[in-house]
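Good morning. Please have a look at the sequence and the model on the screen, and then I will go through the chain and one of its residues.

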Amino acid sequence: MSDARVSAAIRSDAPIVVVEAPAGCGKTHQGADYANALSGERDAQRMLILTHTHAACSVFAGRTKGAGSRVEIATIDSLIASIAGAYHAGLGLPADTAAWVRQRKDGYGELALRVAALLKRHPMVATAAARRYPVVLCDEHQDSSGDQHAIVMALAAQGSRVRIFADPMQRIFPDKPVKGASPRYDWNALTGAAQAFERLDFPHRWSRGGCPDLGAWTLKARETLKNNGRIDLRSGLPDSVQVVVAENQSQVRMGIQLASMQRKPIDDFEKSQSSMLVLTRYNDTARAIRAMFMRRLPIWEGHTRDGLDRLVAAIRAGTGDAAALATAVVAFMDEVGKGFSPSAFGDRLIREAMEGCTKSTSGKPALIQELARSLTAEPDHRGVSKMLRRVRELKEQQAAFGAIEIDYGKEFWEAVRLGDYESPDIGLAEIAYRRTYTWPSPPARAISTIHKAKGLECESVILLPVNADTFPDKENARCLLYVALSRATHRLQLVLSRANPSPLFII
């Protein structure tokens, strides 16, 4: 009866309640149900739900529509940014803290460090936040850095009732501590210090219209991985789990190439699914899988736009220098697609921008020169925007540009939209704001990295390649594997290698 025990615990007066919450076992339901119940009380207290992803914000927003303004939902980075914005002068920061964060390699980590130190030096700041948010629910807390955890504990110390949902087996984001950062919290110490500690253990994700056998198998696999064991695929598999042996023949690092006969069951599976994620570990492999499926499946881009962030930084540094902007565009095109290579386009583009587009030319070189003129005429973000838009037009109009492919279409068009704003930084801030509060969802059928799929679920999942390179016997690989296995509600296909087997399986 863990559901009832968890419900009672989080509704209690205990200052800190910790819940170990495996994927699909009702954590979001418990949190949202508590928020809705709390908002309906006569003297309703304000509740803050803190997540680590915008996808999770979207899910909680959908589950708490009736709670109104009594429930606020934000990423923990957003909370930190709002505190930093209010006290920016005391933190030695500019008023536009968002721009400051974007311009630094570890901006969010540095901001969390400063805010955690602020709350420690001046407890009245944490007191003010605790009065505003008497109840704080922390989702996926295993992903918290030491400073993020310290900020939550500062609110608890000043009177907020803190409810922490976490699963150590879903800790898949690597530690990137900045100098002087607090050490990551210890799970056993946290559960020992909490006034209440409970566990969820019923596979709701699979029982409500999914495949219960798959749910039971997934939880068993979790325990095996947690205890440093190997998942046995030789027997006892539910009908919903299909194992395919296919060897990756690609000679390209992170590439994927399967023999036609070995990939036939994969193609048959993919074509028969209406709700599906193809999951893999690395971004480059995701792009290779998209090519393998003849680009009929889009890549789920999630919320982050690392290539766009780098492009804006390069534009900021290179404004006024057409050649520098051309170099930045070539690098960006390589990040979001393929075909706009230095040999095919980039070297000539940079040379034209450097020489001022002065030489007479024709054919494909003339078209590349036309692109470079966008940068020489306007060596700023507007010129970059116009050039990118023209690249897309030429792909449709000119055979010489036909080999260009855009794998990350949303990121590409967000780069184009930078030209609509006064500066690239203002454009990036506005675009990121809109992306945050529209809470986009993935297409019904898509390719994704495991990291970006965290928090999502769909009927069917293909996981590939499953080999010793992608899933070695390491703690982070065990967590990644569990997250991937737990996304499917109905059917799971594992594409394994016998020649280079993952040590996390017995086959």
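What percentage of the 507 residues in the chain do the buried residues make up? The figure is 52%. Keep in mind that this is a predicted model.

Now the chain as a whole. DSSP runs give it 22 helices and 15 strands. The C-alpha trace spans about 80 × 60 × 40 Å along its principal axes.

Next, contacts. Take those with a separation of 6 or more: 76% of them are between residues 24 or more positions apart.

The accessible surface is about 22,400 Å², and carbon and sulfur atoms account for 50% of that. As for side chains, 66 are positive and 56 are negative, and the centres of these two sets are 0 Å apart.

You will find Ser486 in the loop that runs between helix H22 (475–485) and strand E14 (488–496). Is Ser486 buried or exposed? Its relative accessible area is 0%, and buried means under 20%, so Ser486 is buried.

What does Ser486 touch, leaving out residues up to four places away in sequence? Ala23, Arg205, Trp206 and Thr218. There is also a contact with a sequence neighbour: the side chains of Ser486 and Arg487 are joined by a polar contact of 2.8 Å.

That is the end of my part.

Methods:
Residues are numbered from 1 along each chain as its sequence is written. This is a predicted model: local features need pLDDT of at least 70, side-chain atom pairs count only at pLDDT 80 or more; totals for chains, interfaces and linings use all residues. Side-chain values use heavy atoms; hydrogens and water are left out. Helices (H or I, at least four residues) and strands (E, at least two) are DSSP runs, numbered from the N terminus. Buried means under 20% relative accessible area, exposed over 50%, partly exposed in between (1.4 Å probe, protein chains only). Contact means heavy atoms within 4.5 Å. Accessible areas come from the Shrake-Rupley method with a 1.4 Å probe; for residues, only the protein chains shown count as cover. Lys and Arg count as positive and Asp and Glu as negative; His and the chain ends are not counted. The place of a charge is taken as NZ of Lys, CZ of Arg, CG of Asp or CD of Glu. A polar contact is a pair of N or O atoms within 3.5 Å; within protein, one must be able to donate a hydrogen and the other to accept it, and residues adjacent in sequence count only if both atoms are side-chain atoms.
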